[in-house]
Amino acid sequence: MEVLGPYWLRRILAHVGTITVYEGQDTRTGMPVMVLKGAQGSPVAMEGVLPLLEATPEAWILEWPLGAVPLSQYLGVADPGRLELWLKEMARLLQALKAQGVAYAPLPELCLVKGKRVWLGGVGLAPLSGEPEKALAGLARALAGERWPDFPLRQGVEGVERGEVPLEALFAPPPSQEENPPPPEPPSPPAPSRKQLSVEPVPEPQEAPGPAPEKTPSRPRVIRIEEGEEPPFPVVEPPSPRRRRGVGLGLLALLLLLGLGLFLLRPLPAPQEGHVMEFRTDPPTEKAEVVLLEAPEGSRMLPGTLLLTAPGRVEFDRPGVYRLRIRVAGRDPVDYLLEVPGPPLTIKVR
């Protein structure tokens, strides 16, 4: 693996003239970077452009947003709905650069995407200077692939390519059409008022109470309580000695099976050899799968193995640099270079 100062050059993304574009990683912070080896010129700083972290005589080092991936990964397979959002955002950025006098022709390997967001890389390099309208149209065709004839934004992109409409036509909202408001309806005539009658309950005349009739003495009420033939509660007979013996044998067999299960499921003691690394997640409630991609020379660990679902610990059999892929549900995977032995690794899920 090639190294440029404190940066690991993990893989080549593209060749642009004499410039080689790498996906790299800062060994000091572990953060991903884009390295433009052989870059010369004046980098442009603007919202939506990858920020310049460091410029050396050998290369430009650009920031790589966490979770972002190169647009080249979606060539021919881009979802039409998401592609439409990306093209509108790129048209807005290209128009803003054009207003500053910068003619930038985007390449899919130097453009990063994450969700609905787009970042342009290498703005200011002489090999990337060109007509943004034609470059954007070619990029749209390559991303749409076979679905280009049915792409909803196709006519607008082709119009921009031919110079018939400006870039603003792709991202500016359509002008609102003024419609003549309908004439106001004449107010309906008020309904004739009616007199309301108040109705109140009128108490009925009550007759004067007469003398109360004399009550004849009633006979005393007698409550008879008789004892039923059946008892009011269930009768529980003591179990027979044979039944007690069967219950005891069943409990004993259950205890023996439980002890055997605990013995078989007991945790095995961790081996003393190797290098144990701890993986944490922030927040701790998140889960992250850690897959091994590359192992150092002499290691017997197989690439493609799922090491663990963090948080947790993993034992590595050899010291050195391991290439891992960290996967979190609902997010794009992130590749990481881990040096063993080392401090615990915290995976921040944002």
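Colleague: Where do I start? How many helices and strands does the protein chain have?

Modeller: Start with the inventory. The protein chain has five helices and 16 strands. Remember that the model is predicted. Then look at burial. Of the 350 residues, 32% count as buried. The chain exposes about 24700 Å², and carbon and sulfur atoms supply 56% of that area.

Colleague: What share of the contacts joins residues at least 24 apart in sequence?

Modeller: Take the contacts between residues at least 6 apart in sequence. Of these, 57% join residues at least 24 apart.

Colleague: Now the sheets. What is the strand order in the open sheet of six strands?

Modeller: First the general idea. Strands of a sheet pair through backbone hydrogen bonds, either parallel or antiparallel. Here the order is β1-β2-β3-β4-β6-β5, with antiparallel pairing.

Colleague: Why is one side of β1 and of β5 left without a neighbour in the sheet?

Modeller: β1 (2–4) and β5 (52–55) stand at the edges. Each has a single partner strand, so one side of each has no neighbour in the sheet. Neighbouring strands here are turned by 35° against each other on average, direction ignored.

Colleague: How many bridges pair β3 with β4?

Modeller: Six. Strand β3 (residues 19–26) and strand β4 (residues 32–37) run antiparallel.

Colleague: On to the cores. Which residues touch the most other members of the largest nonpolar core?

Modeller: That core has 52 residues. Met34, Leu36, Tyr104 and Leu120 touch the most other members. Helix α1 (residues 80–99) gives the most to this core, with eight residues.

Colleague: What is Leu120 in contact with?

Modeller: Set aside neighbours within four places in sequence. Leu120 is then in contact with Gly48, Val49, Leu50, Met90, Leu93, Leu94, Leu97, Tyr104, Leu110 and Cys111. There is also a second, separate core, of 21 residues. It includes Met277, Val290, Leu292 and Leu345.

Colleague: Which strands are at the edges of the open sheet of four strands?

Modeller: The order of that sheet is β12-β11-β14-β15, with antiparallel pairing. The edge strands are β12 and β15, and each pairs on one side only. The twist averages 35° from one strand to the next. Inside the sheet, five bridges join strand β11 (residues 288–294) to strand β14 (residues 320–327). Glu294 stands opposite Arg323 in β14.

Colleague: In what sense does β10 pair with β16, parallel or antiparallel?

Modeller: Parallel, over four bridges. In β16, Thr346 is the bridge partner of Arg280. With β13, strand β10 (residues 275–282) pairs in the antiparallel sense, over five bridges. There Phe279 stands opposite Gly312.

Colleague: Now the backbone. Where is the cis peptide bond with omega near 5°?

Modeller: The background first. Most residues other than glycine have a negative phi, and most peptide bonds are trans. In this model the bond from Ala310 to Pro311 is cis, with omega near 5°. Pro311 sits in the loop between β12 (306–310) and β13 (312–316). The bond from Val340 to Pro341 is also cis, with omega near 0°. Pro341 lies in the loop between β15 (334–340) and β16 (345–348).

Colleague: Last, the rings. Why is the pair of Trp148 and Phe151 stacked?

Modeller: Check the ring centres, then the angle between planes. Planes under 30 degrees apart count as stacked. The centres of Trp148 and Phe151 are 5.8 Å apart and their planes are at 25°, so the pair is stacked. Trp148 is buried, with a relative accessible area of 9%. Phe151 also counts as buried, at 6% relative accessibility. A search of the whole structure finds three aromatic pairs.

Terms used. Residues numbered from 1 in each chain as written. Predicted model: local features only at pLDDT ≥ 70, side-chain atom pairs only at ≥ 80, totals over all residues. Heavy atoms only, no water. Core = buried A, V, L, I, M, F, W, Y, C linked by side-chain atoms within 4.5 Å. Buried < 20%, exposed > 50% of the residue type's maximum accessible area, 1.4 Å probe, protein only. Helix = DSSP H or I, 4+ residues; strand = E, 2+ residues; numbered from the N terminus. Contact = heavy atoms within 4.5 Å. Pairing = 2+ DSSP bridges. Axes fitted to C-alpha atoms, helices over the stretch in contact; angles between N-to-C directions. Areas by Shrake-Rupley, 256 points an atom, 1.4 Å probe, with all protein chains shown as cover. Phe/Tyr/Trp six-rings, centres within 6.5 Å; stacked < 30°, edge-to-face > 60°.
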